[in-house]
Amino acid sequence: MRKLLSLAISFGILIIIWRSVDTARVLAVFRDADGMWLTASLLAAVPLTIATAIRFAMLSRSPIPFGASLRLILSASTLNAVLPSKMGDIAKSWVLAQKYGFPAGRAVSLVVFEKMMDMAALLFWGMFALLWTAGTDWLLWLFTAAVAGLFLLLALMMAPFPLARKPLNWIIARLPRKISGKLAGFMDEWVTMTDWFWSRRARATATLLFSIALWGAHLCQFWLFTKAVHATVPLIDNLAFATLSILAGLVPLTMAGIGTRDAAIIHFYQGWLSPAAGAAVGVLATSRYILPAIAGAPFMRDYWHRRNQGAALADTPD
């Protein structure tokens, strides 16, 4: 019922948007789109997905081959298409435990750390871009403060000192007892994960810079979408408003952010895009999630795979 409700909300918002901007005008935007920019913007999903798989392998403390990492990223994209707030990424821990022999706590700590790094990199770009573009708009300054505050919280939680663990301890302590009990061992693995990550500062720095560059590229894909509909959006403004649009899509009300992300794009890009062009860019933004989801469908069997004892990956010291 929750999935059906999310789907209904998404389609309801899209119907309102498309009817208000005139469906014929949206279709006209696609007919008149620049073929070169449109192709480039859609194909950008390929290197972005590959780079995400490389980064996941970089974060693993056990040897995950690139092919396995790519399977995990693609199959998680398939789940993200139907689960709210990109919870499909968290489900990767199931495959790590069942197919690759990771202890449950280690698997969860790895995917949570990965998602925190993703969010921190996104907020990093958004924070500085919003500081540049906010001007006298009090609402943008409010968003800037929220983005900066969340960025600092995530940075603290991933930092290599005990104070960093207090926010997680506080969150776990306030969960229902049954859930908090199951997460009792999570903090031990979290400490191990953060200590391992920072044990080699050169590796940690390289991974952080790689993540920041990766999310800069994600945000630039939105800029490519705007170029495809013949808009000239300043790159720094795009970084700010693409960040806010992605965050709007994470609100756990719709399926894969469809609807809320579209509405955010129409609102924040209204200085450069007509409502119809904004709706078209919203469709293209959704393709960022749909195309990897389609590619990941064949690998969904990994989520029903029971690990054979002989097939488990052996733990190896760093």
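Trainee: How many salt bridges does the structure hold?
Mentor: This is a predicted model, and the structure holds 3 salt bridges.

Trainee: What makes the pair of Glu-114 and Arg-55 a salt bridge?
Mentor: The term asks for a side-chain nitrogen of Lys or Arg within 4 Å of a carboxyl oxygen of Asp or Glu; for the side chains of Glu-114 and Arg-55 the N to O value is 3.8 Å, and the pair therefore qualifies.

Trainee: How do you know whether Glu-114 is buried or exposed?
Mentor: Buried means under 20% relative accessible area, and Glu-114, at 0%, is therefore buried. Arg-55 also has a relative accessibility of 0%, so it counts as buried.

Trainee: Which value makes the pair of Asp-118 and Arg-55 a salt bridge?
Mentor: The side chains of Asp-118 and Arg-55 meet at 2.6 Å, N to O, which is within the 4 Å cut-off. Asp-118 lies in helix H8 and Arg-55 in helix H4, 63 residues apart, and this pair, too, links distant parts of the chain.

Trainee: Which residues are linked in a network of salt bridges?
Mentor: The network links Arg-55, Glu-114, Lys-115 and Asp-118.

Trainee: Why are H3 and H4 called roughly parallel?
Mentor: Helix H3 (residues 35–43) and helix H4 (residues 45–59) pack at an angle of about 20°, with their axes 5 Å apart; angles under 35 degrees count as roughly parallel, and H3 and H4 are therefore described in that way. Their contact has 5 nonpolar, 1 polar and no charged residues, and in it Ser-41, Leu-42 and Leu-43 of H3 meet Ala-45, Val-46 and Pro-47 of H4.

Trainee: What can be said of the protein chain as a whole, in helices and strands?
Mentor: The protein chain has 16 helices and 0 strands, and 50% of its 318 residues count as buried.

Key: Residues are numbered from 1 along each chain as its sequence is written. This is a predicted model: local features need pLDDT of at least 70, side-chain atom pairs count only at pLDDT 80 or more; totals for chains, interfaces and linings use all residues. Side-chain values use heavy atoms; hydrogens and water are left out. Axes are lines fitted to C-alpha atoms, for helices over the stretch in contact, and angles run from 0 to 180 degrees between N-to-C directions. Helices (H or I, at least four residues) and strands (E, at least two) are DSSP runs, numbered from the N terminus. Angles under 35 degrees count as roughly parallel, over 145 as roughly antiparallel, 65 to 115 as roughly perpendicular and the rest as oblique. Contact means heavy atoms within 4.5 Å. Ala, Val, Leu, Ile, Met, Phe, Trp, Tyr, Cys and Pro count as nonpolar, Asp, Glu, Lys and Arg as charged, and the others, Gly among them, as polar. Buried means under 20% relative accessible area, exposed over 50%, partly exposed in between (1.4 Å probe, protein chains only).
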